[in-house]
Amino acid sequence: MSAFRFRGETLWRGPTAVLSDLHLELNPGEKVALLGPSGAGKTSLLEALRARALRDTAWCPQNPALVPALSVFHNIYMGALERYGTLYNLLNLIRPTTYQQRQVGELASELGLVDKLRVSVDRLSGGQVQRTALGRALYSERPVLLADEPVSSLDEEQARALLQLTLSRHDTAVVALHQQEQALTCFDRVIGLARGCVQLDAPAGQLRRHDLTDLYQ
Amino acid sequence: MSAVVTTAGHWRRATLLLALAGLVAFALADLSISRGTPGAELQRLAQGLITPDFTATDALGEALATTLAFAFQGVALGAAGGFTLALLWHRPGVRFFAASIRAVHELFWGLIFLQITGLSPLTGVLAIGLPYAGIFAKVFGEFLEEADPKPADALPGGTNPVTTFFTARLPLVWDQFRAYGAYRLECALRAAAILGFIGLPTLGFHMETAFREGGYSQGAALLYIFFALIGTQRLWLHRRLVPVYLLAAVLWAPPLSSGPDGALKRFLTTDIVPAPLRDGGGWAESGTWLAELGTQQALPGVANTLVVALAALLLTGVLALALFPLASPHFGHRPGRALAHLALVMVRTTPEFLLAFVLLIVLGPSMLPGILALALHTGVIVAYLTGRFSESIRPQRGYSQALTRYGYEILPRVYPNFLAFLLYRFEIIIRETAVLGLLGIPTLGFYIDSGFAEFRFDRALVLIIITVMMNLAVDAFSRILRRRLRLQTPATAY
């Protein structure tokens with residue numbers, strides 16, 4: 001895949017400009033954390049990135065956008081829909097194949113969801129829902145992870161473990177976070193958005209906690 | 001003093017408008033009681049209702065089975081057709097087509113198919129399945145439109161549309177589909193029974209004979225069997241049994257035609273061609289023919305249909321406002337409500353067409369039996385829905401007097417929903433009013449029925465098209481009014 005480049009573009013949400021005059025370059029292989037107060041444009045930036053590389057993207061939106069009536073197995077499998085034919089997908093919907101059960105099962109055990117595989121998503125806790133959404137993104141096996149606060153409902157320990165697992169499976173990643181600590185320890189680069197523009201863009205190693213607090217003023 | 005601008009004011013004005021239209025309709029309507037001794041007839045009817053005779057009907061089991069068979073096959077056909085149409089719901093042409101086929105009443109479809117497929121199971125199945133496809137299309141289409149679009153959007157880029165639909169769209173609405181299908185089956189049982197009035201061998205066929213010949217005990221027994229069938233639907237309609245029932249329905253009444261060969265071709269190319277064109281005349285003669293049909297049949301038919309429907313709407317509103325406390329937890333006591341509930345369920349289960357038929361026998365031919373039947377049936381439904389809605393209200397202040405509580409606490413809160421239910425039902429009232437013509441009340445159905453009886457199918461078809469246009473107009477009027485009054489449309493009221 002090639003780099004993402006924004007040269008003075010404006011990102012819109014409906015009639016309002018969320019990020020204006022955006023200058024940004026993201027290179028393959030980078031693991032980038034997005035920080036900023038809510039409404040700063042993190043989601044809009046992720047959506048813009050997804051639109052530019054739809055087929056390379058493992059997508060994990062903030063509203064998990066799962067299908068509530070279907071099982072964890074089926075929701076994770078949805079990440080792979082595009083890899084298989086329509087008939088195979090429909091048959092797997094009615095009766096999961098042994099192969100898919102094994103593949104999805106392996107992933108589910110890494111995510112701590114193995115006993116929930118046959119449970120529908122509307123019966124899960126918030127943390128389990130987030131892990132299912134991450135599972136769907138992981139199972140799509142795409143090089144670029146775009147995730148919007150994917151671990152916000154998990155406790156600190158679990159969140160870090162899951163974030164590291166997810167990052168290790170993707171070549172490139174852009175992840176919006178609200179945990180500043182995670183941004184500094186798990187990522188190469190931190191981009192801070194606030195007041196409609198990029199306020200901060202630096203390698204994670206050069207940043208300290210107090211550098212980030214300005215963003216939230 | 002400044003001008004009064006309240007939301008309640010808008011509702012009052014709309015109510016006043018509808019009430020005024022209703023009053024004018026009542027003034028114009030033929031409300032005569034032409035039977036000399038309605039009291040005596042009513043007494044005989046009451047006697048019959050308390051002494052039902054379950055042995056009087058021959059081949060009762062067959063009629064019951066045929067009613068069920070038509071309903072199951074009709075709903076299956078309607079659901080399959082409606083589902084297909086719902087997939088194309090974004091196309092205006094599909095919406096118009098669905099609206100048109102559901103605007104034609106099951107009985108009119110029955111009369112049409114009698115000419116093509118004869119007195120056969122296929123006629124019964126198509127008469128239910130075709131309009132139901134239009135209804136299912138609308139309801140399914142709206143379910144899908146209102147479903148959350150995000151899961152489909154979150155699928156990996158490049159997923160094909162068929163896969164997307166079955167994994168991320170259909171599962172969101174599947175439960176709603178199933179619940180609605182069960183409700184439609186109840187409606188289809190009513191429709192199948194009523195198809196007996198045009199000669200198909202369902203329960204209605206025997207009901208018509210029994211009531212017309214004064215066999216009220218026999219009629220009452222048939223009615224009670226019908227109530228029991230619908231009242232116990234929850235018990236026998238199990239998800240896993242549906243395929244079994246459907247198979248049994250197809251085996252019992254195979255949907256085959258008994259019409260003569262080439263009947264469809266003859267119907268389409270000869271029967272429904274306007275008579276002047278068929279006889280070699282030109283457009284000028286056809287124009288005269290159409291103008292004559294318009295002034296002599298369509299115009300009085302439309303006018304009478306509107307008169308009966310608007311009068312029925314007013315009476316429905318009054319009845320519903322008076323009766324809804326019976327179904328509301330804010331009034332009365334528990335045993336009273338249980339009794340009221342039973343009465344409401346019975347009146348609701350009785351098709352308005354059958355109710356009108358019985359009232360016609362008691363009161364003699366005029367518009368009165370039609371207005372009463374429509375108002376009673378619909379009034380009870382609206383009362384029931386409004387009462388159920390009032391369950392969600394938590395009274396702020398405990399007014400001890402029931403009437404004060406009614407006027408200050410409950411009515412202002414349920415009124416918008418009451419009005420929405422009423423306007424929603426107006427479309428259905430119009431549809432039913434037209435078909436009451438088959439019983440002799442001079443609405444559009446009366447002229448359509450005469451057209452079929454005189455083998456003037458060309459006239460019948462033009463009148464059916466006019467009925468469709470009238471339905472579409474009323475539908476649009478009701479929708480505009482609901483939107484202007486900012487009323488939420490309750491999906492369950494359909």
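Domain bounds here come from an automatic or database domain assignment. On that basis, 23 Å separate the centres of domain 1 and domain 2 of chain B, taken over C-alpha atoms. This is a predicted model: local features need pLDDT of at least 70, side-chain atom pairs count only at pLDDT 80 or more, and totals for chains, interfaces and linings use all residues. Residues are numbered from 1 along each chain as its sequence is written, while chains are lettered from A and ligands numbered from 1 in the order in which they are written.

**Domains of chain B**
- Domain 1 covers 1-30 + 272-494, and domain 2 covers 54-261.
- Their contact (C-beta atoms, placed from the backbone, within 7 Å) takes 23 residues from domain 1 of chain B and 20 residues from domain 2 of chain B.
- On the domain 1 side, α21(B) gives the largest share, 6 residues. Helices are DSSP runs of H or I, at least four residues, and strands are runs of E, at least two, numbered from the N terminus.
- That side has 19 nonpolar, 2 polar and 2 charged residues. Ala, Val, Leu, Ile, Met, Phe, Trp, Tyr, Cys and Pro count as nonpolar, Asp, Glu, Lys and Arg as charged, and the others, Gly among them, as polar.

**Chain A against chain B**
- 20 residues of chain A are in contact with 18 residues of chain B.
- β4 (57-60) and α3 (86-94) of chain A each supply at least two residues of the chain A side.
- The largest share of that side, 4 residues, comes from α3(A).

**Contacts of A:Leu34**
- Beyond its neighbours within four places in sequence, A:Leu34 contacts residues including A:Lys42, A:Val175 and A:Leu193.

Technical notes. Two residues are in contact if their C-beta atoms, placed from the backbone, lie within 7 Å.
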